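Here is a briefing on one chain and its ligand shell.

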Amino acid sequence: RQTKFLRNYAPPAYLIEEVALDVHLAPKNARIASKLRMRPNPKMAPGQPLVLDGEDLALERVALDGKDLSPGDYALSDGSLTINSVPAQPFTLEIVTLCDPEANTELSGLYRSRGTYCTQCEPEGFRRITYFIDRPDALAVYTVRIEADRATTPVLLSNGNLIEQGDVAGTDRHFAVWHDPFPKPSYLFALVGGDLASVHDSFTTASGRKVALGIYVKPGKEDRCGWAMESLKRAMRWDEERFGLEYDLDVFNIVAVSDFNMGAMENKGLNIFNDKLVLARPDTASDADYHSIESVIAHEYFHNWTGDRVTCRDWFQLCLKEGLTVFRDQEFTSDVRTGPVERIIDARMLKTHQYPEDAGPLAHPVRPASYIEINNFYTSTVYEKGAEVCRMLQTLLGARPFRKGLDLYFERHDGEAATVENFVDAMADVSGRDLTQFMLWYTQSGTPELACSLDYDPHAKTAKLHVSQVVPPTPGQTSKEPMLIPLKVGLIGANGDELPLKLNGEILTDGLLEVTDREQVFEFHDVPAPPTPSLLRDFSAPVRLTTSLDANQIEFLMMHDSDPFNRWQATQTYAGNLLTAAAREGDVGRATGKEAVRLAQALATAARDDTLRPAYRAETLKLPSESDIARELARNVDTDAVHAAREALRAKIGGSIGDTLAALYDTAGTDAPFSPDPQSAGLRALRLAALDLLAATKAPGGARRAHYREASNMTDAIMALSILSQLQSPVRDDALAHFYARWEDEPLVLDKWFAVQARATRPDSVETVRALLTHPKFSLKNPNRVRALIGSFAQANPSGFNRADGAGYALLAGQALEIDRFNPHVAARLLGAFESWRTLEPGRQRHAKAALEDLAGQSLSTDSYEIVTKTLG
Ligand code: B3K
Ligand code: ZN
C-alpha cells in the first residue's frame with residue numbers, strides 16, 4: 001500500500017518499440033506469447049535492470065534475443081518480473097504467460113463476460129495479460145494475432161486494421177491478425193473474442209477516408225444498436241466541424257458487454273462498452289438512457305484524439321484526457337440538444353457529485369499529487385471539474401483562440417504522452433497570456449467560495465461589485481492561493497432590460513470579469529438606477545456563489561434574467577433557501593408559507609411559457625434534490641428533516657398550481673409516436689416534471705395519475721413506477737409485479753426494476769433492499785446489477801441510506817466488503833457513498849463512523865483500504 005507521488009516521476013529505463021502478441025484464447029488458460037522489440041532509453045542511465053509489471057500470471061518462458069532465460073537470470077515477485085542484465089543495444093524479449101479469463105472476477109485484464117472474451121486495460125490491466133512496461137508513457141506499435149475455437153468464438157477483434165484471417169489448418173480453431181499503426185500505451189490495448197452479432201455502417205471523413213463502422217452485440221440485440229450508430233456518426237462529423245479532428249483508421253468498432261466495471265473504454269479503434277451504454281429500443285430504454293448513450297459514444301470517440309493520439313505521460317495527468325474529453329462531449333451534446341439545458345444538467349451533476357467530493361475527506365486536486373490506487377481517481381473531480389477547467393480556459397481565451405490552442409497542442413504532441421503543462425502552455429502560447437495563476441485550478445483542491453455584493457451610489461450613478469474569494473482548506477492543503485476566476489455578470493434594470501456594463505471607461509460586451517485577488521471591487525459607471533446583478537452567468541466557474549440578494553431580487557431574476565442558466569439558478573436558489581431553512585429548523589412550515597406560493601406561481605409562469613423550450617421548462621420545475629439541500633446545509637444534516645421539507649414544498653407547489661400542472665401533463669405531446677429525439681424527449685420531460693409535483697399532493701389526482709400500465713415507452717413507465725413505488729399500497733405491488741413479469745429476461749430493464757425500489761423513499765427501504773439482495777435475479781458479480789440495487793440505494797436514496805439507526809450504513813458496508821474480495825474496483829466505488837458522513841448530525845455520524853471503523857479493521861483490497869482510511873481521516 002504505497003503512496004505514489006507526482007514529484008517522483010521518472011521516464012522508463014527501457015523503451016518498447018514494437019509488440020507482437022499471439023493470444024490463444026481458452027476459458028481457463030489463455031496463452032499469451034509476447035515478442036517485444038526493446039532498447040534502453042537513451043535519456044536514462046544505462047545498465048539498469050529491466051523491470052516488467054505483471055499480476056496473476058503464470059510464466060512459461062522468457063527468452064532474450066532468442067535464447068531462453070533460466071530462473072537464475074530473472075526474479076519474479078508479486079507484481080513484477082525483473083531481468084537483471086539486458087543488452088545495451090536494441091534487443092528482443094519473448095515472454096509466454098498463461099492467465100485464467102474465467103476466474104478473472106476483477107474484470108480487469110482479460111476476462112470472460114457470459115461467454116465473450118474481452119479486455120479492460122486502463123489503468124493497469126495489461127499487466128494481468130502479460131509482463132510489460134505497463135505505464136502510459138511506454139508507447140509501442142502493436143500487431144496482435146488472436147486464435148480461438150471457431151465454433152464458440154467466431155468473432156475476433158483487436159485494435160487497428162484487420163490484416164489477415166483464416167483457419168488453423170487441421171484444427172477447429174481460427175485466427176485473425178490485427179495491426180494498429182499508431183503507437184499507443186498498453187492501457188489502450190483491447191481484444192475481443194466471442195459469438196457476436198454485428199451491425200455495420202460507414203462514415204466518410206472530411207478528407208474522403210471511408211471508415212467501416214461496426215457495433216458488436218449478443219445475437220438478438222441487433223435491433224438495439226441504431227441509436228448508438230447514429231450517435232457515433234453525429235460525433236464523428238461534429239469533431240471534424242468543431243475541432244477539425246478526423247478519424248484516422250479504416251475501421252472503428254464498438255463492442256457491448258454485459259459485465260463491465262464502468263461505462264466504456266476508448267481503446268484505439270476498438271471501444272468496449274458496458275451494454276447499458278449501447279443498447280436502446282423505445283420499449284426498453286428511457287430518454288435518460290438515450291441521452292447517456294449519445295454522450296458516452298461521443299466521449300469515447302472523442303478520446304481518439306484527446307487520449308489516444310495524445311495520451312498522458314503518467315496517471316497523475318488523467319484529467320488531461322478525461323477533463324478535456326468530457327468538455328468536448330458536453331459541447332457536442334449542447335450543440336445537438338438544447339445548450340442551456342445541457343449546461344444546467346452539467347452544473348447540477350457537478351454540484352451533486354463533485355462539490356461534496358471537494359468538501360469531504362477524499363478531496364483532491366483536478367491533477368492529484370499523490371495516490372495509493374489510481375483506480376480511485378476516476379472521480380468527478382478529475383472528470384467533471386476537469387471539464388470545467390477546460391471550459392474556463394475557453395471562456396477566458398475565447399472560443400477561437402481556444403481552438404487554436406488545441407490545434408497547437410496536437411501539432412506539438414501528436415503521438416506523445418503529454419502533461420497538463422503541455423496543454424496549458426499551448427493555450428498560453430496562442431493567446432500570449434500568462435496562465436501561471438490559472439494552473440492553481442489543477443493543483444488546489446476545494447471549491448472556491450465567491451461572495452459578491454453590489455453597492456449602488458445614486459449620486460455618482462455607479463454600481464460597485466465587491467467580490468471576495470476564499471478557497472477552503474482540504475486534506476493536505478491548509479492554505480490556499482487566490483485563483484483566477486472567470487465571473488460572467490450582467491446588470492438588469494428595473495424593467496428587466498440589460499444595462500450596458502461600463503467599466504474603466506470601456507463597455508464590457510461579454511460581461512466577463514476576471515477575479516484574481518482575495519478582495520476586488522469592480523466599479524460600473526453610468527448606471528441610471530439601482531440594478532439587480534446577475535452573477536456567474538452560464539455557470540462561468542465551478543465555485544460556490546453567495547450574494548446579498550434578497551428574496552424579491554431573486555424572484556425578479558426568476559422572471560427577467562436573460563441568461564437562461566441564471567434564470568433557472570434563481571428558481572433553485574429561491575427554493576433552496578426555503579428548503580434549507582425548513583430542514584435546519586426541522587419546521588416544514590418554513591417551506592410552505594407565502595414564499596412557497598410565490599415560487600409556485602413563478603414556476604407556473606415558466607412552465608406555461610411557450611417561448612421557452614419544453615426541456616428547459618422541465619428543468620425549472622425540478623426542485624433542488626435532497627442531496628442539494630444537504631450540501632447547502634453543510635453540517636448537522638438530518639436527512640429525514642431534509643426529506644420532509646422537500647416533500648412539503650413539492651406538495652405545496654403541486655397543490656397551488658395543480659391546474660397548470662395537470663394541463664401540462666394531460667396535453668403536452670401525448671399522442672405523437674415515440675421518438676428519442678431531443679424535442680420529443682423535452683416534451684416528455686415537461687409532462688413528467690409536472691406529474692412529479694402533482695403526485696406529491698397525495699390527492700386522488702396525485703400519485704394515481706401515474707398511469708403505469710398505460711405507458712407506451714420506457715420513460716413514462718419508469719416515471720410512473722418510481723412514483724408508485726413510494727406508496728404503501730397494492731397499486732405499488734401490482735405495478736412492480738407487472739413490470740417484473742414483463743421484463744424479467746431483459747437484464748438492462750430489470751436493473752431499472754431493482755433501482756426503482758432501491759431509490760424509493762419509504763421507512764422500510766433498507767429491508768426492501770435486503771430482501772432484493774436475495775432475489776434469484778440478483779448477483780453481486782454483475783456490476784450493473786450491483787449499481788442498480790446497492791449503488792442506487794447508497795447514492796440516490798439519502799433518507800434510506802442515512803436511516804437514523806445506521807441500518808443503511810451497515811447494509812452498504814457489509815455488501816461492499818463481500819464484493820471487495822473479488823472485485824475491489826466496484827467495492828471501492830460503492831464505499832464513496834460515505835464521503836459526506838461528517839456533515840451529518842451527531843447520531844448518524846456515530847453510526848457511519850462505526851461502520852467505517854469496522855471496515856478498516858477487515859482485510860481490504862488496496863482500493864477499498866484507501867477509500868476507507870481516507871474517509872475516516
Ligand atoms: N477511460 C475510461 C475509464 C477507465 C476507468 C478505469 N477504472 C473511460 C472513459 O473515461 O472514457
Ligand atoms: Zn473518458
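In β15, E147 has F175 as its bridge partner. The pairing belongs to strand β12 (residues 140–149) and strand β15 (residues 173–184), which run antiparallel over nine bridges. Strands pair here if DSSP finds at least two bridges between them. Helices (H or I, at least four residues) and strands (E, at least two) are DSSP runs, numbered from the N terminus.

This is a predicted model: local features need pLDDT of at least 70, side-chain atom pairs count only at pLDDT 80 or more, and totals for chains, interfaces and linings use all residues. Residues are numbered from 1 along each chain as its sequence is written, while chains are lettered from A and ligands numbered from 1 in the order in which they are written.

- Q165 has its bridge partner in β15, namely A176.
- Five residues separate β14 and β15 in this hairpin.
- In the turn, G170 has a positive phi of about 75°.

**The record for residues 21–188**

- UniProt, in an unreviewed entry, places the feature "domain: Aminopeptidase N-like N-terminal" at residues 21–188.
- UniProt positions are in the numbering used here, feature names are shortened, and annotations may be inferred rather than shown by experiment.
- Residues 21–188 are 0% helix and 52% strand.
- The end C-alpha atoms of that span are 14 Å apart.

**The four-stranded sheet**

- Four strands form an open sheet in the order β10-β11-β16-β13, with antiparallel pairing.
- β10 (109–113) and β13 (155–158) are the edge strands, each pairing on one side only.
- Neighbouring strands of this sheet are turned by 15° against each other on average, direction ignored.
- Axes for such angles are lines fitted to C-alpha atoms, for helices over the stretch in contact, and angles run from 0 to 180 degrees between N-to-C directions.
- β10 and β11 (residues 116–120) run antiparallel and are joined by five bridges.
- R112 has Y117 of β11 as its bridge partner.

**The shell around ligand 1**

- Which residues surround ligand 1? They are E122, P123, M262, A264, M265, E266, H299, E300, H303, E322, N375 and Y378.
- A residue counts as near a molecule or strand if its C-beta atom, placed from the backbone, lies within 6 Å of it.
- β20 (264–265) and α2 (287–302) are the elements that give two or more residues to this shell.
- By class, the shell has five nonpolar, three polar and four charged residues.
- Nonpolar means Ala, Val, Leu, Ile, Met, Phe, Trp, Tyr, Cys and Pro; charged means Asp, Glu, Lys and Arg; the others, Gly among them, are polar.
- The peptide bond from E122 to P123 is cis, with omega near -5°.
- P123 sits in the loop between β11 and β12.

**Domains 1 and 2**

- The domain assignment of the chain gives domain 1 (311–443) and domain 2 (450–541).
- These bounds come from an automatic or database domain assignment.
- The contact takes 11 residues from domain 1 and 12 residues from domain 2.
- Two residues are in contact if their C-beta atoms, placed from the backbone, lie within 7 Å.
- α4 (339–359), α5 (380–397) and α8 (440–443) each supply at least two residues of the side of domain 1 that touches domain 2.
- α5 gives the most to that side, with three residues.
- The residues of that side divide into eight nonpolar, two polar and one charged.
- The C-alpha centres of the two domains lie 24 Å apart.

- For residues 446–547, UniProt lists "domain: Peptidase M1 alanyl aminopeptidase Ig-like fold", from an unreviewed entry.
- That span is 0% helix and 50% strand, and its end C-alpha atoms lie 20 Å apart.
- An open sheet of six strands has the order β30-β29-β32-β26-β25-β34, with mixed pairing.
- Its edge strands, β30 (506–507) and β34 (544–547), each pair on one side only.
- β25 (residues 449–457) and β26 (residues 462–470) pair in the antiparallel sense over nine bridges.
- A451 stands opposite S468 in β26, and D455 stands opposite K464 in β26.
- The β25–β26 hairpin has four residues between its strands.
- β25 and β34 run parallel, joined by four bridges.
- E449 stands opposite R544 in β34.
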